[in-house]
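Hello,

Here is the structure I promised to pass on to you. Please open it first, and then read on for what turned up in it.

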Amino acid sequence: MPTRKSLASFFLLYSLPFAPAPTRSPAQSLADRAWVLLSPAVKQSNTEKRLIAVRVLGLLPNDARAAQLAEAALHDPKPQLRAAAATALGNMRAATSVPALKKALSDKDLSVALAAAHALRQLNDPACYEVYYAILTGQRKSSEGFFDQETEMFRDPKELAMMGFEQGLGFVPYAGIGWDAWRTIEKDRTSGSPTKAAAATNLAADPDPRTAVALLSAAHDHNWLIRVAALQALALRGDPSLASKIDSLLNDPKLEVSYTAAAAIIRLTTLPSQKPAQHPDPQP
């Protein structure tokens, strides 16, 4: 039977105010949702889906988590994944990954070496020039840091351009989207969709607030290539208020779109020192 003292202790304990549960800002919750989608995606068994997820990591500069995931993908058994990982590290300017990218210059697959060279060039590391010299001359400067490989591909611009599209090396337009985008461009050459996608990409730095409205509209276009291009541009605008306006695209049936939306949301809501630019209201 409880004593008077134990009853008093019981009532005293439960009369104390409970500490409120920690709250998260809407932006934090949205970023968490995006990571829940993106983190497992870069490790899934399906190669094509994994490839899409690795590519969009390049939208996340100064993000240690994204760099770690991309650097891990440099060891993927699939060469197209290793190439995409090198490209992503270059796009995110991951300076701490320079040693890993230098090792990738000796990858047995030429496309991976090219992707690593392009990434090192973005990071202003002179190690990239060994590969570029081989592309220019068809010969290697030295026997160090570059593997033995037939040089016919170096001499064929069409082959190099095709490799750029297929592996997403950044040498050609839409390279960050990859081979599926190239097929879409070829199919829609006369529809105007590739031109619209290119325009969306080039509007990322336009300060006019009307452009943000246009990009948000384009992010819901019927053509997935335009949706991806618009999301990439929105991510680069650095306006956190845009994140909540694209969250529905996390559920887009096209993985290129949903993964790009996830990366865009993370970039817009979590990167430090990102503030929406202050612009005057557009003139009527």
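A word on areas to begin with: accessible areas come from the Shrake-Rupley method with a 1.4 Å probe, and for residues only the protein chains shown count as cover. By that method the chain exposes about 15,500 Å², of which carbon and sulfur atoms supply 56%.

Please keep in mind that this is a predicted model, in which local features need pLDDT of at least 70, side-chain atom pairs count only at pLDDT 80 or more, and totals for chains, interfaces and linings use all residues. Residues are numbered from 1 along each chain as its sequence is written, and side-chain values use heavy atoms, with hydrogens and water left out.

**The chain as a whole**

The chain has 15 helices and 0 strands (helices are DSSP runs of H or I with at least four residues, strands are runs of E with at least two, and both are numbered from the N terminus). Of its 284 residues, 48% count as buried. Here buried means under 20% relative accessible area, exposed means over 50%, and partly exposed lies in between, with a 1.4 Å probe and protein chains only. Taking contact as heavy atoms within 4.5 Å, residues 24 or more positions apart account for 62% of the contacts with a separation of 6 or more.

**The core**

A nonpolar core is a set of buried Ala, Val, Leu, Ile, Met, Phe, Trp, Tyr and Cys residues joined through side-chain atoms within 4.5 Å. The largest one has 77 residues, and those with the most contacts inside it are Leu38, Leu57, Leu89, Met92, Leu101 and Ile246. Helix 14 (residues 224-237) gives the largest share of this core, 10 residues. Apart from residues up to four places away in sequence, Ile246 touches Leu216, Leu231, Leu234, Ala261, Ala264, Ile265 and Leu268.

Helix 3 (residues 47-56) is mostly covered, with 8 of its 10 residues buried; among them are Leu51, Ile52 and Val56. Asn46 caps its N-terminal end, with a side-chain oxygen 3.1 Å from the backbone nitrogen of Glu48. That is a polar contact, meaning a pair of N or O atoms within 3.5 Å; within protein, one must be able to donate a hydrogen and the other to accept it, and residues adjacent in sequence count only if both atoms are side-chain atoms.

In the loop between helix 3 and helix 4 lies Asn62, which has a positive phi of about 60 degrees although it is not a glycine. Most residues other than glycine have a negative phi. Asn62 counts as exposed, at 71% relative accessibility.

Asp63 caps the N-terminal end of helix 4, where a side-chain oxygen lies 3.0 Å from the backbone nitrogen of Arg65. The buried residues of helix 4 (residues 64-73) are Ala66, Ala67, Leu69, Ala70 and Ala73. They sit on the same side of helix 4, because they cover an arc of only 165 degrees around the axis (the arc is that of the directions from the helix axis to the C-beta atoms). The face turned away from this buried side carries the exposed residues Ala64, Gln68 and Ala72.

**Helix 5 and what lies around it**

Helix 5 (residues 79-91) is largely enclosed by the rest of the structure, because 10 of its 13 residues are buried. From its first C-alpha to its last it reaches 18 Å, close to the 18 Å expected at 1.5 Å a residue; the expected span is 1.5 Å times one less than the number of residues.

Arg82, in helix 5, counts as buried at 13% relative accessibility. Its side chain reaches the backbone oxygen of Pro77 at 3.2 Å. Arg82 and Val112 are 30 residues apart in sequence, with their C-alpha atoms 6.0 Å apart in space. Ser111, which belongs to helix 7 (residues 110-122), is 28 residues from Ala83 in sequence and 6.3 Å from Ala83, C-alpha to C-alpha.

Helix 5 is followed by Arg93, whose phi is positive, near 55 degrees. Arg93 is partly exposed, with a relative accessible area of 46%.

Thr260 is in helix 15 (residues 255-270) and is buried, with a relative accessible area of 2%. A polar atom of its side chain lies 2.5 Å from the backbone oxygen of Glu256. Beyond its neighbours within four places in sequence, Thr260 is in contact with residues including Val56, Leu59 and Val228.

Best wishes
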